[in-house]
Amino acid sequence: MKIIIDTDPGVDDALALFYAKTCGAFEIVGLTSVFGNVSIETATENTLWMSEQLGFDAPVAGGARQPLGGIQHEPLPIIHGEYGFGTHGRRRPKTVAVEQDAADFLIEQTAKTPGEITIVALGPLVNVAEALNRDTAFAENVREIVIMGGAYNTPGNVNQYAEANIYNDSISAEVVFSKAKKIRAVGLDITDQILFSRDNLSSMVKYAGSWAPFIKNCCEYYLAFYASKGITAGAGLHDPVTLISLVRPELFNFKTGNVKVVQEGKARGLTRFTLGNGNMKYAASAQHDAVLREFLETLQRLADI
Ligand SMILES: [Ca+2]
(Lines give C-alpha, C1' and ligand atoms only; values in the text may rest on other atoms or scores of the structure.)
Protein backbone atom coordinates (compact mmCIF):
# COMPACT_ATOMS: atom_id res chain seq x y z
CA MET A 1 0.00 0.00 0.00
CA LYS A 2 1.49 3.34 -1.08
CA ILE A 3 1.27 6.00 1.61
CA ILE A 4 2.49 9.49 2.42
CA ILE A 5 2.66 10.23 6.13
CA ASP A 6 1.93 13.81 7.24
CA THR A 7 3.33 14.17 10.74
CA ASP A 8 4.25 16.51 13.63
CA PRO A 9 6.70 14.31 15.61
CA GLY A 10 5.88 13.94 18.59
CA VAL A 11 6.24 10.78 20.70
CA ASP A 12 3.22 8.94 19.33
CA ASP A 13 4.19 10.05 15.81
CA ALA A 14 7.58 8.41 16.36
CA LEU A 15 5.83 5.23 17.55
CA ALA A 16 3.66 5.35 14.41
CA LEU A 17 6.75 5.67 12.21
CA PHE A 18 8.27 2.65 13.98
CA TYR A 19 5.08 0.74 13.22
CA ALA A 20 5.07 1.94 9.59
CA LYS A 21 8.58 0.58 9.18
CA THR A 22 8.17 -2.75 10.95
CA CYS A 23 4.67 -3.79 9.79
CA GLY A 24 5.86 -4.42 6.22
CA ALA A 25 2.50 -3.28 4.77
CA PHE A 26 3.55 0.09 3.37
CA GLU A 27 5.51 1.57 0.54
CA ILE A 28 6.42 4.99 1.95
CA VAL A 29 6.23 7.37 -1.02
CA GLY A 30 7.19 10.36 1.11
CA LEU A 31 6.70 12.20 4.36
CA THR A 32 5.43 15.71 5.01
CA SER A 33 5.83 17.74 8.18
CA VAL A 34 3.39 20.03 9.90
CA PHE A 35 3.33 22.25 13.00
CA GLY A 36 1.49 20.79 15.98
CA ASN A 37 3.22 18.91 18.76
CA VAL A 38 6.31 21.00 17.94
CA SER A 39 7.20 23.97 15.72
CA ILE A 40 7.43 23.38 11.98
CA GLU A 41 11.25 23.65 12.13
CA THR A 42 11.44 20.91 14.74
CA ALA A 43 8.77 18.82 12.99
CA THR A 44 10.75 18.86 9.74
CA GLU A 45 14.04 18.04 11.47
CA ASN A 46 12.43 15.21 13.42
CA THR A 47 10.75 13.81 10.31
CA LEU A 48 14.01 13.89 8.35
CA TRP A 49 15.88 12.29 11.23
CA MET A 50 13.34 9.51 11.72
CA SER A 51 13.28 8.84 7.97
CA GLU A 52 17.08 8.57 7.89
CA GLN A 53 17.31 6.41 10.97
CA LEU A 54 14.59 4.03 9.78
CA GLY A 55 15.90 3.92 6.22
CA PHE A 56 12.65 5.00 4.57
CA ASP A 57 14.64 6.28 1.59
CA ALA A 58 11.75 8.65 0.84
CA PRO A 59 11.60 12.41 0.24
CA VAL A 60 10.48 14.72 3.04
CA ALA A 61 8.60 17.95 2.28
CA GLY A 62 8.25 20.70 4.87
CA GLY A 63 4.73 21.90 5.55
CA ALA A 64 2.77 24.65 7.17
CA ARG A 65 3.98 26.60 10.21
CA GLN A 66 0.59 27.92 11.30
CA PRO A 67 -3.11 27.09 10.92
CA LEU A 68 -5.33 28.68 8.28
CA GLY A 69 -7.27 31.71 9.39
CA GLY A 70 -4.63 33.52 11.40
CA ILE A 71 -5.01 31.76 14.74
CA GLN A 72 -1.52 31.48 16.23
CA HIS A 73 -0.53 28.04 17.47
CA GLU A 74 2.01 27.45 20.23
CA PRO A 75 3.26 23.89 20.93
CA LEU A 76 2.86 22.48 24.46
CA PRO A 77 6.28 21.00 25.36
CA ILE A 78 4.80 19.41 28.50
CA ILE A 79 3.24 16.63 26.39
CA HIS A 80 6.02 15.57 23.97
CA GLY A 81 9.08 17.55 25.11
CA GLU A 82 10.74 20.75 23.91
CA TYR A 83 12.03 19.03 20.76
CA GLY A 84 9.21 16.48 20.52
CA PHE A 85 11.08 13.42 21.78
CA GLY A 86 10.96 13.56 25.59
CA THR A 87 14.09 15.14 27.02
CA HIS A 88 16.15 14.42 23.91
CA GLY A 89 17.66 17.53 22.38
CA ARG A 90 17.36 18.85 18.88
CA ARG A 91 17.76 16.27 16.09
CA ARG A 92 20.46 16.99 13.52
CA PRO A 93 19.47 15.22 10.29
CA LYS A 94 22.03 14.84 7.50
CA THR A 95 19.47 15.22 4.72
CA VAL A 96 17.30 18.21 3.85
CA ALA A 97 13.69 18.62 2.80
CA VAL A 98 12.78 18.90 -0.87
CA GLU A 99 12.17 22.41 -2.20
CA GLN A 100 8.45 21.88 -2.75
CA ASP A 101 6.19 22.57 0.19
CA ALA A 102 4.08 19.75 1.60
CA ALA A 103 0.84 20.67 -0.19
CA ASP A 104 2.51 20.82 -3.62
CA PHE A 105 4.31 17.57 -2.85
CA LEU A 106 1.00 15.86 -1.99
CA ILE A 107 -0.57 17.20 -5.20
CA GLU A 108 2.32 16.12 -7.43
CA GLN A 109 2.81 12.65 -5.97
CA THR A 110 -0.88 11.73 -6.09
CA ALA A 111 -1.17 13.05 -9.67
CA LYS A 112 1.63 10.69 -10.76
CA THR A 113 -0.34 7.60 -9.73
CA PRO A 114 -4.03 8.57 -9.47
CA GLY A 115 -6.03 6.51 -7.03
CA GLU A 116 -3.03 4.71 -5.56
CA ILE A 117 -1.66 6.83 -2.72
CA THR A 118 -3.24 6.97 0.72
CA ILE A 119 -2.40 10.01 2.84
CA VAL A 120 -2.12 9.42 6.56
CA ALA A 121 -2.44 12.71 8.43
CA LEU A 122 -1.14 12.51 12.00
CA GLY A 123 -1.22 16.22 12.87
CA PRO A 124 -3.31 19.32 12.16
CA LEU A 125 -4.81 19.11 8.66
CA VAL A 126 -3.42 22.26 7.05
CA ASN A 127 -1.19 20.56 4.45
CA VAL A 128 -4.05 18.38 3.23
CA ALA A 129 -6.45 21.35 3.24
CA GLU A 130 -3.95 23.44 1.23
CA ALA A 131 -3.65 20.63 -1.33
CA LEU A 132 -7.46 20.43 -1.64
CA ASN A 133 -7.70 24.23 -1.99
CA ARG A 134 -4.89 24.54 -4.56
CA ASP A 135 -5.87 21.74 -6.94
CA THR A 136 -9.37 20.42 -7.52
CA ALA A 137 -7.91 17.23 -9.07
CA PHE A 138 -6.20 16.32 -5.78
CA ALA A 139 -9.44 15.06 -4.18
CA GLU A 140 -9.87 12.64 -7.09
CA ASN A 141 -6.25 11.56 -7.28
CA VAL A 142 -5.81 10.54 -3.65
CA ARG A 143 -6.93 7.02 -2.77
CA GLU A 144 -8.02 7.76 0.79
CA ILE A 145 -7.25 10.35 3.48
CA VAL A 146 -6.72 8.72 6.84
CA ILE A 147 -6.89 11.09 9.78
CA MET A 148 -5.89 10.86 13.40
CA GLY A 149 -8.35 13.36 14.70
CA GLY A 150 -11.72 14.13 16.13
CA ALA A 151 -13.91 13.04 19.01
CA TYR A 152 -17.16 11.77 17.53
CA ASN A 153 -19.10 10.22 20.38
CA THR A 154 -16.71 10.92 23.23
CA PRO A 155 -15.23 13.99 24.99
CA GLY A 156 -12.31 15.91 23.51
CA ASN A 157 -8.83 16.21 24.97
CA VAL A 158 -8.20 19.96 24.58
CA ASN A 159 -11.49 20.54 26.36
CA GLN A 160 -14.73 18.59 26.61
CA TYR A 161 -15.54 19.36 22.96
CA ALA A 162 -12.44 19.17 20.79
CA GLU A 163 -9.60 16.82 19.95
CA ALA A 164 -6.20 18.51 19.58
CA ASN A 165 -5.42 17.96 15.87
CA ILE A 166 -8.84 19.31 14.86
CA TYR A 167 -8.78 22.11 17.44
CA ASN A 168 -5.30 23.21 16.33
CA ASP A 169 -6.64 24.01 12.86
CA SER A 170 -10.42 23.79 12.82
CA ILE A 171 -10.64 25.71 9.51
CA SER A 172 -8.40 23.20 7.71
CA ALA A 173 -10.32 20.34 9.29
CA GLU A 174 -13.58 21.71 7.84
CA VAL A 175 -11.93 22.08 4.41
CA VAL A 176 -10.89 18.43 4.51
CA PHE A 177 -14.21 17.07 5.80
CA SER A 178 -16.14 19.09 3.22
CA LYS A 179 -13.92 18.61 0.12
CA ALA A 180 -12.28 15.17 0.40
CA LYS A 181 -13.95 12.22 -1.32
CA LYS A 182 -12.98 9.42 1.04
CA ILE A 183 -11.89 9.84 4.65
CA ARG A 184 -11.15 7.32 7.37
CA ALA A 185 -10.95 9.02 10.78
CA VAL A 186 -9.58 7.49 13.93
CA GLY A 187 -10.33 9.70 16.89
CA LEU A 188 -10.40 9.71 20.65
CA ASP A 189 -13.38 7.28 20.66
CA ILE A 190 -10.73 4.64 20.05
CA THR A 191 -7.32 6.13 20.74
CA ASP A 192 -8.11 7.20 24.29
CA GLN A 193 -9.11 3.60 25.01
CA ILE A 194 -5.95 1.88 23.77
CA LEU A 195 -3.36 2.75 26.37
CA PHE A 196 0.34 1.98 26.33
CA SER A 197 1.34 1.18 29.92
CA ARG A 198 4.62 1.23 31.84
CA ASP A 199 4.63 -2.57 31.66
CA ASN A 200 4.21 -2.39 27.87
CA LEU A 201 7.14 0.02 27.75
CA SER A 202 9.33 -2.30 29.83
CA SER A 203 8.72 -5.20 27.49
CA MET A 204 9.13 -3.07 24.36
CA VAL A 205 12.50 -1.77 25.54
CA LYS A 206 13.72 -5.39 25.79
CA TYR A 207 13.05 -5.91 22.09
CA ALA A 208 14.06 -2.49 20.80
CA GLY A 209 17.77 -3.13 20.26
CA SER A 210 19.68 0.11 19.76
CA TRP A 211 16.38 2.02 19.81
CA ALA A 212 15.83 1.13 23.49
CA PRO A 213 17.23 4.32 25.09
CA PHE A 214 15.38 6.57 22.65
CA ILE A 215 12.06 4.81 23.16
CA LYS A 216 12.46 4.66 26.93
CA ASN A 217 13.15 8.39 27.22
CA CYS A 218 10.33 9.43 24.85
CA CYS A 219 7.72 7.16 26.36
CA GLU A 220 8.59 7.88 29.99
CA TYR A 221 8.10 11.59 29.27
CA TYR A 222 4.79 10.94 27.49
CA LEU A 223 3.57 8.60 30.24
CA ALA A 224 4.46 11.21 32.87
CA PHE A 225 2.21 13.73 31.13
CA TYR A 226 -0.72 11.31 31.19
CA ALA A 227 -0.01 10.51 34.85
CA SER A 228 -0.03 14.26 35.62
CA LYS A 229 -3.59 14.31 34.25
CA GLY A 230 -4.58 11.46 36.55
CA ILE A 231 -4.42 8.81 33.81
CA THR A 232 -2.10 6.21 35.32
CA ALA A 233 -3.10 3.19 33.18
CA GLY A 234 -0.99 4.41 30.27
CA ALA A 235 -0.72 6.85 27.39
CA GLY A 236 -2.91 7.05 24.28
CA LEU A 237 -1.51 5.39 21.17
CA HIS A 238 -3.19 7.92 18.90
CA ASP A 239 -1.00 7.88 15.80
CA PRO A 240 0.02 4.18 15.77
CA VAL A 241 -3.62 3.10 16.12
CA THR A 242 -4.49 5.23 13.10
CA LEU A 243 -1.98 3.30 10.98
CA ILE A 244 -3.18 -0.01 12.42
CA SER A 245 -6.71 0.83 11.19
CA LEU A 246 -5.29 0.57 7.65
CA VAL A 247 -3.34 -2.63 8.15
CA ARG A 248 -5.85 -4.47 10.34
CA PRO A 249 -9.25 -2.88 9.51
CA GLU A 250 -11.03 -6.03 10.71
CA LEU A 251 -10.16 -4.99 14.29
CA PHE A 252 -12.29 -1.82 13.95
CA ASN A 253 -15.95 -1.00 13.43
CA PHE A 254 -16.61 2.12 11.37
CA LYS A 255 -19.66 4.34 11.05
CA THR A 256 -20.20 6.17 7.75
CA GLY A 257 -21.53 9.68 7.43
CA ASN A 258 -20.57 13.34 7.28
CA VAL A 259 -18.77 15.69 9.65
CA LYS A 260 -19.10 19.42 10.22
CA VAL A 261 -16.44 21.08 12.33
CA VAL A 262 -17.70 23.75 14.74
CA GLN A 263 -15.81 27.01 14.07
CA GLU A 264 -17.07 29.40 16.71
CA GLY A 265 -17.47 29.63 20.45
CA LYS A 266 -16.47 27.29 23.23
CA ALA A 267 -17.12 24.18 21.10
CA ARG A 268 -14.69 25.25 18.33
CA GLY A 269 -13.08 22.10 16.95
CA LEU A 270 -16.00 19.80 17.82
CA THR A 271 -16.49 17.17 15.08
CA ARG A 272 -20.26 16.94 14.63
CA PHE A 273 -21.06 13.61 12.94
CA THR A 274 -24.23 12.78 10.99
CA LEU A 275 -24.84 9.13 10.17
CA GLY A 276 -25.75 8.27 6.58
CA ASN A 277 -24.35 8.36 3.08
CA GLY A 278 -21.21 10.43 3.33
CA ASN A 279 -17.57 10.97 2.46
CA MET A 280 -16.16 9.78 5.77
CA LYS A 281 -16.20 6.92 8.20
CA TYR A 282 -14.91 7.03 11.75
CA ALA A 283 -13.77 4.24 14.00
CA ALA A 284 -16.63 3.88 16.48
CA SER A 285 -15.33 0.81 18.29
CA ALA A 286 -12.38 -1.56 18.16
CA GLN A 287 -10.94 -4.69 19.67
CA HIS A 288 -8.69 -2.79 22.05
CA ASP A 289 -6.55 -5.69 23.26
CA ALA A 290 -5.97 -7.02 19.76
CA VAL A 291 -4.95 -3.59 18.44
CA LEU A 292 -2.49 -3.14 21.31
CA ARG A 293 -1.10 -6.63 20.67
CA GLU A 294 -0.68 -5.86 16.97
CA PHE A 295 1.36 -2.78 17.90
CA LEU A 296 3.53 -4.48 20.52
CA GLU A 297 4.21 -7.62 18.46
CA THR A 298 5.03 -5.65 15.31
CA LEU A 299 7.51 -3.43 17.14
CA GLN A 300 9.40 -6.51 18.29
CA ARG A 301 11.00 -6.37 14.84
CA LEU A 302 12.57 -3.01 15.64
CA ALA A 303 15.83 -4.54 16.83
CA ASP A 304 16.50 -5.64 13.23
CA ILE A 305 16.28 -2.07 11.88
CA1 LIG B 1 0.81 13.52 15.65
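Two residues are in contact if their C-beta atoms, placed from the backbone, lie within 7 Å. The structure shown is a predicted model, in which local features need pLDDT of at least 70 and side-chain atom pairs count only at pLDDT 80 or more, while totals for chains, interfaces and linings use all residues. Residues are numbered from 1 along each chain as its sequence is written.

**View 1. Phe35 and its contacts.** Phe35 lies in the loop between strand E2 (27–33) and helix H2 (40–54); helices (H or I, at least four residues) and strands (E, at least two) are DSSP runs, numbered from the N terminus. Leaving aside neighbours within four places in sequence, Phe35 is in contact with Asp8, Ile40, Ala43, Ala64, Arg65, Gln66, His73 and Pro124. Phe35 counts as buried because it has 26 C-beta neighbours inside 10 Å. A residue is buried if 20 or more other C-beta atoms lie within 10 Å of its own, exposed if 12 or fewer, and partly exposed in between. From Phe35 to Ile117, the C-alpha atoms are 23 Å apart in space, and the two residues are 82 apart in sequence.

**View 2. Helix H1, residues 11–22.** Of the 12 residues of H1, 11 are buried, so the helix is largely enclosed by the rest of the structure. Among the buried residues are Val11, Asp12, Asp13, Phe18, Tyr19 and Lys21. The expected span of a helix is 1.5 Å times one less than its number of residues. Just after H1, Gly24 takes a positive phi of about 75 degrees.

**View 3. Helices H10 and H11.** H10 (residues 198–207) packs against H11 (residues 212–228) at an angle of about 170 degrees, with the axes 10 Å apart. Axes are lines fitted to C-alpha atoms, for helices over the stretch in contact, and angles run from 0 to 180 degrees between N-to-C directions. The angle makes H10 roughly antiparallel to H11, since angles under 35 degrees count as roughly parallel, over 145 as roughly antiparallel, 65 to 115 as roughly perpendicular and the rest as oblique. Arg198, Leu201, Met204 and Val205 of H10 meet Ala212, Ile215, Lys216, Cys219 and Leu223 of H11.

**View 4. Helices H5 and H8.** H5 (residues 126–134) and H8 (residues 170–179) pack at about 55 degrees, with their axes 8 Å apart. This angle makes H5 oblique to H8. Val126, Val128, Ala129, Leu132 and Asn133 of H5 make the contact with Ser172, Val175, Val176 and Lys179 of H8.
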